[in-house]
Amino acid sequence: MRTQIIVLHRYAYGDSSWIVKALSPDIGLLSLLVKGAKSKNSQFKAGIDPLAHSEIELRYNRCKGNSSLIMPKEAFLQNYFPKMRMNLQSLASAQLMAEILLKLGNESSHAEKEFKWLLNNLESLELNDVKKNSLSLWLDSLCGILGYAPMLSPAQKLQLWSQKAERIESFFLCHLKTHTGALETLRTWDWLLETRRLSA
């Protein structure tokens, strides 16, 4: 089976392998065991780097001793978003999106919409299209995709969107935290605020 993925996070597994957390539009949140991927000659290379958009071919059998881990056969890099990675603020925004989806994306029911919305935003960041309310709009839409859209009157909406971007983002983050029980700690949120202070 082949599916597209966006890599949300990865961590070392032994001396030569990675465990990769990725979002697939077909399956939802995936946990991949990529053996030997740290080798210079690995066929996976940049295809499993954090925030990479790739197409992977999955094995049908799961890892012995851990049924939640899947071993991919191959990864084909679609987009590495190099320009986005060169801009600290864009990179911090993308990493915050990835961390949020990693904490919330445990069901496949909304995976296709989540995937498309994340990919769309990564492509915008790659074009250096960082608008003041980009993250606020992403969070607002994510609330709607997940079924947690805030119930606001037209006057309340007008008041909310007249605030500074950071206050709007905080509102949606708090809203998601309250309704999902997740997002208690977001390490990338502090880093994003710091990158904004540096670029001010």
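This is a predicted model: local features need pLDDT of at least 70, side-chain atom pairs count only at pLDDT 80 or more; totals for chains, interfaces and linings use all residues.
Because Glu169 belongs to helix H6 (residues 165–180) while Arg196 belongs to helix H7 (residues 187–199), the pair ties together parts of the chain that are 27 residues apart in sequence. Arg196 is likewise classed as buried, although its relative accessible area is given as 19%, and the cut-off for that class is under 20%.

On the H6 side the contact is made by Glu166, Glu169, Ser170 and Leu173, and on the H7 side by Trp189, Leu193 and Arg196. Sorted by type, the residues of this contact of H6 with H7 comprise three nonpolar, one polar and three charged.

## The packing of H2 with H4

Another helix pair is formed by H2 (residues 88–104) and H4 (residues 134–146), which pack at an angle of about 15° with their axes 12 Å apart. Angles under 35 degrees count as roughly parallel, and H2 and H4 are therefore roughly parallel to each other. The crossing in which H2 passes H4 is right-handed.

From H2, the residues Leu96, Met97, Ile100, Leu101 and Leu104 take part, and they meet Leu135, Trp138, Leu139, Leu142 and Leu146 of H4. The residues of this contact of H2 with H4 divide into 10 nonpolar ones, with no polar and no charged residues among them.

The structure holds eight salt bridges, one of which joins the side chains of Arg2 and Glu57 at 3.7 Å, N to O. Arg2 is placed in strand S1 (residues 2–13) and Glu57 in strand S4 (residues 53–62), so this pair ties together parts that lie 55 residues apart in sequence. With a relative accessibility of 45%, Arg2 counts as partly exposed.

Glu57 also meets Lys73, side chain to side chain, in a salt bridge of 3.8 Å from N to O. This second pair links distant parts of the chain, given that Glu57 is in strand S4 and Lys73 is in strand S5 (residues 70–79), 16 residues apart. Lys73 is partly exposed, its relative accessible area being 35%. Taken together, Arg2, Glu55, Glu57 and Lys73 are linked in a network of salt bridges.

His53 lies in strand S4 and is buried, with a relative accessible area of 8%. If residues up to four places away in sequence are not counted, His53 touches Gln4, Ile5, Ile6, Leu77, Gln78, Asn79, Phe81, Phe115 and Leu119.

Arg10, for its part, has its place in strand S1. Leaving aside neighbours within four places in sequence, Arg10 is in contact with Trp18, Ile19, Val20, Ile48, Asp49 and Pro50. The C-alpha atom of Arg10 is separated by 9.1 Å from that of Leu32, a residue 22 positions apart from Arg10 along the chain.

Methods. Residues are numbered from 1 along each chain as its sequence is written. Side-chain values use heavy atoms; hydrogens and water are left out. Axes are lines fitted to C-alpha atoms, for helices over the stretch in contact, and angles run from 0 to 180 degrees between N-to-C directions. Helices (H or I, at least four residues) and strands (E, at least two) are DSSP runs, numbered from the N terminus. Angles under 35 degrees count as roughly parallel, over 145 as roughly antiparallel, 65 to 115 as roughly perpendicular and the rest as oblique. A crossing is left-handed if the near helix is turned anticlockwise from the far one by less than a right angle, and right-handed if clockwise. Contact means heavy atoms within 4.5 Å. Ala, Val, Leu, Ile, Met, Phe, Trp, Tyr, Cys and Pro count as nonpolar, Asp, Glu, Lys and Arg as charged, and the others, Gly among them, as polar. A salt bridge is a side-chain nitrogen of Lys or Arg within 4 Å of a carboxyl oxygen of Asp or Glu. Buried means under 20% relative accessible area, exposed over 50%, partly exposed in between (1.4 Å probe, protein chains only).
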